[in-house]
Amino acid sequence: MLLAESSRKSCVFHRKAVSLPTEIYIHDLLNVETMSNERRHITPTHRIGHHIAAVAIILIALAACHDPSPLGRLGGVDSLINSRPDSALTLLNSIAQDTAEMSRRDLMRYYLLRTNAENKCDTVLTARHAALMRRVCDYYDRHSSPRGGREGAMLAHYLLGRCYDDMGEAPLALEEFHNAENAADTTDIDCDFHQLSLIHSQCGSIYSSLYMLRQDLEELKKAAHYAKLCNDTISYLTYEDLIANVYGNLGIHDSLILIKQKLSIQFKQMGRKDLSAISTGSCAYAFIQKGKLKEAKKCMDEYEKESGMFFANGDIRPGHEIYYFTKGVFYMAVDRLDSAELFFRKNLALSRNSNARISAMQGLSDLYRKKNNNDSVAKYSTLCYELNDSVYKESEVKVLLSLKASFDYSRLQKSEAKKQEQLEKEQQRKRVLLLIAIVIILLSSFIIQKIWKNRRLRIDELNEQLLQYAHDKQDLQEKTKEMEVLRLAVGNLKRESLRLKKQSDNLRKDREATSKENRDLAHKNKESLLHADALQKIIDKNELVIENLTKKILQYEADNPLFKVRSSSLNSLANSDAFIPFAEYLRNRKVIPSIKDWNCLLEKVQDEMPGFKTFLLDRNRLKMEDYKLCVLVMLNCSPSDICSILNMHFPHVSKTRKKLLREVFNKDGKPEEFDETLRTIF
């Protein structure tokens, strides 16, 4: 096997890296200046006041600094997780009994911190942790806030990925690591680049376990990049060393040598000669493969002297026996076959790693082939083949299990994708139905509004015609009365003229009468005739007006036959059996008309005056109480009678009549005008 493979295992690198402890300095913020009594006169009362003020200030400060939540009492537990995860876990366990009192926000943060502390303590995370972290991920995905929002989501998905990794679910772990990466905002100056480097390191570790070296290389490069951004030099150098090892496993020896030599120089600048020697020693096998034996010898010498990996007797520390294989290959290259055989056998005898043993067997096989010892070649080739086959089967089973998990996960993904697609289709269908319903409602509202508007316009137009009809009817009544008065006056004048004429004739017969009296009578007669002629002209003019008004009223009634009321309707209503309970109540104020009495009266109104109900209820949509008030008005009930029958207060009746005048006839005025207008029309 390659030295680079062993170097990756021997390199000091923890997947759960922790930062160095941070010292916390506490500074005094209060300076107390004392003054003697000689400079300032202080009485005992003043001292007591000062003490009370000081105590009050301290209590207020303590109350302001107090955080009632259990997590608030722990202070910087999240920073303690990085430096002392075991202590942080102890603190978090101490408030485990308070979780029932925590808000959902504090509870999710508590679970996040506790799982992170357990992860830092190298606790194996189980399905229980995974179930818990799925809840935490859902919470932080929905609640993004400046305090623990996006960074909280990144850490939550990372820890869920760690749970899946410990459970052997590589595909699920990779998915959660990618979700954690997507949750990070790399454009933010406060982005947690250290956490991002850990995420990519974990991805690289999974790809390495699946022998996907190219993907491992890409993830390690990203991990090194983010470690450099957060000034984590140790992690950066560690990732660079792992990158070099991957290059070695890929057979790209030039890149391995270049990176290892650069790392060696940096470790020397840091004063770490041991790490520099380890990096240099890792280049030995690559130089041997390139045929640069002098450079390989220098690397091995520095590694053996400066690395601190060897005991006093020259043996390497356990776990690093693969170095004997590198040394054996070197001695084979310089034709020191006995030394090469010694180190190959040493590697075979001391190594517990299967790959290291395979390397030793392969080296011995090549060595005996060079010595032309065919029996030994066959022996070690067979042993190498058998062990290699065993290792291959183990790795094959591991890969197959990973592939099975990946296949199961892919099938699960397809099933979930299908369910999600069906859910999206259902939601889309609901959205379409909702949109159609909204459109129908809007169209219906528009149509109804249009209908109501047109109806209101027709009602307003009809009301204007009704008002004009009422005015014309009032004018007709007034003109008719005026005509009667004028005709009576003309008749009186004509009778007076006849009387004067008879008196004048009688005076002519009476010779004793003077001419002066005759003249006076003649003048009076003439004036009466002139006055009668003037009145006759007015009568003729009014007759023309009455004729026009009558035609207009007849035309209106012809256009609106419902409002043409029989002349005897009101009299019939007032004298009908339906109105008897109301008349009886108005006389003795004993028995209030019942619902049955009202129904009988309203049916009678419908029979006698169909237009009345159509106009008020059907067209103007009056309430039943208002309609009853209108019926009582039509029956010439006084406002006090209406108050008594309808059990209303007088101001309410007046206000209602005034309101109906505005709503029905579209005019403002006194309550009496409503009564007059309604009675005029009907």
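**A walk through a helical protein model**

At a relative accessibility of 26%, cysteine 230 counts as partly exposed, a class that lies between buried (under 20% relative accessible area) and exposed (over 50%), as judged with a 1.4 Å probe and protein chains only. This is a predicted model, in which local features need pLDDT of at least 70 and side-chain atom pairs count only at pLDDT 80 or more, while totals for chains, interfaces and linings use all residues. Residues are numbered from 1 along each chain as its sequence is written, and side-chain values use heavy atoms, with hydrogens and water left out.

Cysteine 121, at 29% relative accessibility, is also partly exposed. Across the whole structure, a search finds zero disulfides, where a disulfide is a pair of cysteine sulfur atoms within 2.5 Å. Cysteine 230 is accordingly in no disulfide, and the nearest cysteine sulfur, belonging to cysteine 191, is 9.9 Å away.

The protein has 29 helices and zero strands; these are DSSP runs, numbered from the N terminus, with helices (H or I) of at least four residues and strands (E) of at least two. Of its 682 residues, 39% count as buried.

Helix 17, residues 322-333, has twelve residues and reaches 17 Å from its first C-alpha to its last, close to the 16 Å expected at 1.5 Å a residue, the expected span being 1.5 Å times one less than the number of residues. Eleven of those twelve residues are buried, so helix 17 is largely enclosed by the rest of the structure. Among the buried residues are Tyr323, Phe325, Lys327 and Phe330. Just after helix 17, aspartate 335 takes a positive phi of about 65 degrees.

Serine 264 has its place in helix 13, residues 253-269, and is buried, with a relative accessible area of 6%. Leaving aside neighbours within four places in sequence, serine 264 is in contact (heavy atoms within 4.5 Å) with Ser276, Ser279, Thr280 and Glu302.

Not counting residues up to four places away in sequence, leucine 196 touches Met154, Glu181, Ala184, Thr186, Cys191 and Tyr226.
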